[in-house]
Amino acid sequence: MALDPQLLEILACPDTHHAPLDYDPQAQTLTCTECGRIFEVRDDVPVLLLDEARGGPAGDDARGGSGSQR
Ligand SMILES: [Zn+2]
């Protein structure tokens, strides 16, 4: 199964930069071209949530200190 190319075109990173995403059909992941976060594709549905993303500029360990997200 592959994601719809038209869907891929409108997908963007949920972070403030809204950068385009690189789709890896083998790994079933979307990689942000700006911040490098990796988003999983589950059952052909991209999980574009910052909380679910892997990697990124600050790393997972830095979260929880300065942010105001609940
Ligand atoms: Zn990004």
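These legends go with a set of close-up views of one predicted model. Numbering starts at 1 in each chain and follows the sequence as written. Because the model is predicted, local features need pLDDT of at least 70 and side-chain atom pairs count only at pLDDT 80 or more, while totals for chains, interfaces and linings use all residues.

**View 1. The whole chain, element by element.**
The chain has one helix and four strands, with helices (H or I, at least four residues) and strands (E, at least two) taken as DSSP runs and numbered from the N terminus. Reading from the N terminus, the order is α-β-β-β-β. Of the 70 residues, 10% count as buried; that takes 20 or more other C-beta atoms within 10 Å of a residue's own, whereas 12 or fewer makes it exposed and anything in between partly exposed, with C-beta atoms placed from the backbone.

**View 2**
Four strands form an open sheet in the order β1-β2-β3-β4, with antiparallel pairing. β1 and β4 (45-46) sit at the edges with a single partner strand each, so one side of each has no neighbour in the sheet. Strands pair here if DSSP finds at least two bridges between them.

Strand β1 (residues 21-24) runs antiparallel to β2, and four bridges join them. Look for D22 opposite T31 in β2, and Y23 opposite L30 in β2. Four residues lie between the strands of this hairpin, where Q28 takes a positive phi near 55°.

**View 2. The β2-β3 hairpin.**
Three bridges join β2 to β3, again an antiparallel pair. L30 stands opposite F39 in β3. This hairpin has five residues between its strands, and G36 takes a positive phi near 80°.

In β2 (residues 29-32), L30 and C32 are on the covered face, with T29 and T31 on the uncovered one. L30 and C32 also belong to the largest nonpolar core, together with C13, L21, F39 and A53, six residues in all. A nonpolar core means buried Ala, Val, Leu, Ile, Met, Phe, Trp, Tyr and Cys residues joined through C-beta atoms within 7 Å. Leaving aside residues up to four places away in sequence, L30 touches L11, L21, D22, Y23, F39, V41 and P46; contact means C-beta atoms, placed from the backbone, within 7 Å.

**View 3. A closer look at V41.**
V41 lies in strand β3 (residues 38-42). Why does V41 count as partly exposed? V41 has 19 other C-beta atoms within 10 Å. Not counting residues up to four places away in sequence, V41 touches L3, Q28, T29, L30 and P46. V41 and A27 are 14 residues apart in sequence and 8.7 Å apart in space, C-alpha to C-alpha.

Key
Two residues are in contact if their C-beta atoms, placed from the backbone, lie within 7 Å.
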